[in-house]
Amino acid sequence: MRGDEAKNVCPGINLVQVPVSRDKADLNVYRNAGSEVVAILSTKGKCERASIDEVYLDLTDAAKEMLLESPPESSEFTFEEATKSNILDLPSDVGDREENVKAWLCRADANYQDKLLACGAVLVAQLRVKVLEETQFTCSAGIAHNKMLAKLVSGMHKPAQQTVVPSSSVQDFLASLPVKKMKQLGGKLGSSLQDDLGVKTVGDLLGFTEEKLQEYYGVNTGTWLWKTARGFSGEEVEDRLLPKSHGCGKTFPGPKALKNHSSVKSWLDKLCEELSERIQSDLSCNKRVAQTLTLHARASKENECNSMKKFPSKSCPLRYGTGKIQEDAMKLFESGLHDFWGSRSARWSITSLSVTASKIFDIPSGTNSILKYIKGPSSNASTAILDSSSTPELTPFVGNVTQLNIADFHEEQCEPSSIKEECDNSISATQCRLIEGKGAPKKLSKVQQGTGSILKFLSQSQPAQHEKRNFDGLICSHQGPESSSGASVAEQHGRDNINTAVDHSSGSGDTWMLNVEDIDPDVVGELPLEIQR
C-alpha cells in the first residue's frame, strides 16, 4: 500500500522513510545490501543477479553432489529450516505440517528429479539462514526445475519462507494461473491471448495445438507459448553477479506531472548526475564501461486522454561525464517529444522519466592512456604519468581502436551526427572521420589559449629513409619524402584501425600509422606543415 492508505488502515503504523537524494529516493543502501546477499548466495552455485533484490541461483551441481554424499533418506540429511518449506499439493495442516514436509524431503521411493528438489530445498534453507546470520536480512525463495517456475512461486509465501514445486504439481499449479501473471505475458501478447483466443489462464492454452499457436503468433512465439503452458523453460541461469544496466528514474503522478521543458531539464539533470556517479563507480570498481544511453518517458496530451500513442524511447552512444550525459539526455527527450507530438505547440505532460546506461562490457586488459607514454615539456618526474584507471573523463570505444586523450580539442570539432556523438571533445576531427567513415568533418576551430598541441611533444622532422625518434618513451616512425612505400606499409597495418605500440626497453618495435587513403585531403591541407610532411 501507499503510506497514506496504510495509515488509514493502521493509524499507529511506523513507516520507515528511505534516504532521499536529489529530491528522490536514494536506493544505494538497498542496492549495496542486495550485493551482500548475492555474495553469500554465489558461494553455492551459478548466480544471476536479475534486479536490485532478486537473484536466480542454479544449484544443480551442488544438489547432485549432496545426493551422492548424503541422500535424502540418510539420517544426517534433514535440516530444521528446510522442514518449514511450503511444498505445492502437500497437505499443510498446522499440527503435522513440518512432519509432512520432512517425510516428503526424505522419501526413499521418490524419483530422481524430486530427490534433487529435496536437496535444493535443504541448500536454499542453509543459504537463507546464513544470509540472516551474516547480514540480518531475510529472503524468500522459489525452488523448481527451471527459472520460470521458481520465479512464479518465489513470492507465494512471504516473508522469509520458501516454496518447492514438485514435477507432479506443475500442471495443476499453472492451470488456474492468469496469463497476465506470466513473465512476458503482461503486455500486448497477454492481451492478444485474452482478446483473440479467449485465453484467461495458462491452463486455457492447453486447448491449443502448437501448430495453431504458431499460426497466430509465428513459429518461435507459438512454440514458446506451447511449452510455457506445460511448464517447460529452456532459459539457463547466467553466471552474472553485476547488473546488465544502470538506470535512474522518477514518476510524476497527477498534479506533479512535468509540463514544460525547464522542469524536464531540471529533473533530467538530477537523474543524469546520479547515473554518471554509478557508471563511474562501476568503471573504477569493476573495470566495466557502458556503451548506450537510453531515455524512457511516459507522456500524455492535453484533451487527448485516450490517445494510444506512446512516448518513444530514444538511444545514443553514451559519453562519460555528467555534463555530456545531461546534454545528450535532453537531446533524446527533444527527439522523442517531436515524434510523440510533432511540431504542434499544444500542451503535453510527462508522468515518468528515466535514463539508462546499458551494453556494459569489461575493459580489455592492457588498455592504457597515452599519458602513460607522453610527458609534457614542464613535466620532469615520472609521477606525471597516469594510467587509464585515473582518467575520469574516459569515453570507451570497444574494438581494435582505443580512444586516447592526446590534446584538448574543441567539442565543436565533432558535431552530433548519425553516429550520435560517438566522438567527444577528446578526439580530433581527423579521428572522427576515421570512425564515422563518411562525411567531411567541419573545419577545426581555433585552439583555446593554453591548449597544448601535439607539436610540443614532437620535434621538427628531417628527411630520412626510415627515421625513428625516441621522445621520453614514445617511439614514432617517420617516412621521409624519399620513401615511396608509405602507403603500402600503412595498408599492412589495416585500413580501419589506429594501432599504437610502445617499447620502453629496446627503442625499437611496432610503429603507429594512419592509412593515408582514409584521410581527407582537405583536412591535410589545413594542418601545420610539420604535420603534413
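This is a predicted model: local features need pLDDT of at least 70, side-chain atom pairs count only at pLDDT 80 or more; totals for chains, interfaces and linings use all residues.

Me: How many helices and strands does the protein have?
Reply: Helices (H or I, at least four residues) and strands (E, at least two) are DSSP runs, numbered from the N terminus. The protein has 16 helices and 13 strands.

Me: What is the order of the strands in the open sheet?
Reply: Two strands pair if DSSP finds at least two bridges between them. Here four strands form an open sheet in the order β8-β11-β9-β10, with antiparallel pairing. β8 (246–251) and β10 (314–317) stand at the edges with a single partner strand each, so one side of each lacks a neighbour in the sheet. From one strand to the next, the twist averages 15°, the angles (0 to 180 degrees) being taken between N-to-C directions of axes fitted to C-alpha atoms, for helices over the stretch in contact.

Me: How many bridges join β9 to β10?
Reply: Strand β9 (residues 288–301) is joined to the antiparallel β10 by four bridges. Leu293 stands opposite Cys316 in β10.

Me: Which strands does helix α11 touch?
Reply: Contact means heavy atoms within 4.5 Å. Helix α11 (residues 261–286) packs on the sheet and touches β8, β9 and β11 (348–362), its direction making about 15° with that of β11. Helix α12 (residues 322–341) lies across β9, β10 and β11 and runs at about 40° to β9.

Terms used
Residues are numbered from 1 along each chain as its sequence is written. Side-chain values use heavy atoms; hydrogens and water are left out.
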